[in-house]
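Hi everyone, thanks for coming.

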Amino acid sequence: MNGFIVAATRSMQDYAARVTGYLTKFPSFAPMAETIDGVGMLNTDRFADGEMEVSLGRSVRGLDVVLFACCSRNESNLSVEEAKIELYHAVDALKRSQARNITVFEPFISCSRSDRTTRRNSVGLWIHFKTLSSLGTKHILTYQLHSNKSESMLDPTICALDDIPALTILEKYLCDAYIHNYETLENVVRPGWAFCSVDAGGEKLARSFANAFGAPLVVAHKQRDYSRSNAIESINILSAEPVEGKVLWVVDDMIDTGGSVESLIRALGPLKPKEINIIAVHAPFSLPAPARLNQLIDEGLLHRIMVTDTVCPCSLPETIPNLEVVPSAELSARIIRTLISNESMSKLMRSFDAEKYLKSPNLFNQ
């Protein structure tokens, strides 16, 4: 096992502390509880002219460093720009301090949607990846990138990228919180639930839920207006079974301004489902998302919203009713344990099977 340490920029120190807490519960890491916790070792100074410098409070020479960061909404209320610059400075400081390998763990990469070259435009995700790898990052970990093609932006001989599916966290939570046993899965979920994509591109995400629970799939075909950001022209609903009377779960990788899900839910309403819920991995909830979601809840069109905590959830439960935030820190700890122990990542990538899980509740932890 390689010597390693877990660090964090100001944007994700509480989250990283929870991860190290889970890490020290693993028997093989328990004796290293004090040495692996470097969450507070980065010091960030701001100068009068606005410039920044990051320094280390301890030696990392010869160690593998896992650095947590978030450039979206974060616990320190840093802007996207400041959070990114701090991350770049932190990687540079670690490299200059002779860390052996630097792994950046960004549970949510905020620029993941900037992956197209359809106009005379910059490509934010490529800039981010290029900067991190050029500064010396050897490995990037994240949850649920917006597009599979994003994985090809990095040269794996320079910097590896692992995009971990976070759907399993949400699928397991559905079983634990709402299904409980195989009989409910068979008699209630399979005949009475359906999973719906936000658009044709999101069909793969919704299909993974439909396959995991053996429930019907509904596909929404969304026509965008690419001359404007977050603009939708029309939505067509495609389903092999009637939606009326079913519990619908709208599945997406993220909710940003809420425009897509609002349009979709208003299109689904006239089809008379029993209730409509939202499942999303990432929850940036940029304005005016809270107002849009609250309006849908007030009108009785939206029942509940389920997201993970890959984006700082501190203020969300108070501003949006019926919001359920599913923690991801334990899975992040398992990912780190797998990497540091040089074990196979395949068990973290496998598809979830609700029937197997409910018949053997310890399956997820194996």
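Before we start on the sheet, a quick definition: two strands count as paired if DSSP finds at least two bridges between them. In general, strands of a sheet pair through backbone hydrogen bonds, either parallel or antiparallel. And keep in mind that this is a predicted model.

Okay, the sheet. In what order do the five strands of the open sheet come? It goes E1-E4-E5-E6-E7, with parallel pairing. Strand E1, residues 4-8, and strand E7, residues 160-164, stand at the edges; each has a single partner strand, so one side of each has no neighbour in the sheet.

Let's zoom in on one pair. Strand E4, residues 64-68, and strand E5, residues 101-105, run parallel to each other and are linked over five bridges.

Helix H1, residues 13-23, lies across E1, E4 and strand E6 (139-143), and its direction makes an angle of about 155° with E1.

Next, two helices together. How do the axes of H8 and H9 cross? Helix H8 is residues 259-268 and helix H9 is residues 289-298; their axes come within 9 Å and cross at roughly 20°. Angles under 35 degrees count as roughly parallel, and therefore H8 and H9 are roughly parallel to each other. The crossing of H8 past H9 is left-handed. On the H8 side, the contact is made by Gly259, Val261, Glu262, Ile265 and Arg266, and on the H9 side by Arg292, Leu293, Gln295 and Leu296.

Beyond its neighbours within four places in sequence, Leu205 touches Gln144, Leu167, Val251, Asp252 and Asp253. Take Asp252: it is 47 residues away from Leu205 along the chain, yet their C-alpha atoms are separated by 6.9 Å.

The other one is Glu275, in strand E12 (residues 275-282). The Glu275 side chain has a polar contact of 3.1 Å with the side chain of Asn277, and another, of 3.3 Å, with the side chain of Arg304. Leaving out neighbours within four places in sequence, the contacts of Glu275 include Lys246, Val247, Leu248 and His303.

Definitions and conventions
Residues are numbered from 1 along each chain as its sequence is written. This is a predicted model: local features need pLDDT of at least 70, side-chain atom pairs count only at pLDDT 80 or more; totals for chains, interfaces and linings use all residues. Side-chain values use heavy atoms; hydrogens and water are left out. Helices (H or I, at least four residues) and strands (E, at least two) are DSSP runs, numbered from the N terminus. A polar contact is a pair of N or O atoms within 3.5 Å; within protein, one must be able to donate a hydrogen and the other to accept it, and residues adjacent in sequence count only if both atoms are side-chain atoms. Contact means heavy atoms within 4.5 Å. Axes are lines fitted to C-alpha atoms, for helices over the stretch in contact, and angles run from 0 to 180 degrees between N-to-C directions. Angles under 35 degrees count as roughly parallel, over 145 as roughly antiparallel, 65 to 115 as roughly perpendicular and the rest as oblique. A crossing is left-handed if the near helix is turned anticlockwise from the far one by less than a right angle, and right-handed if clockwise.
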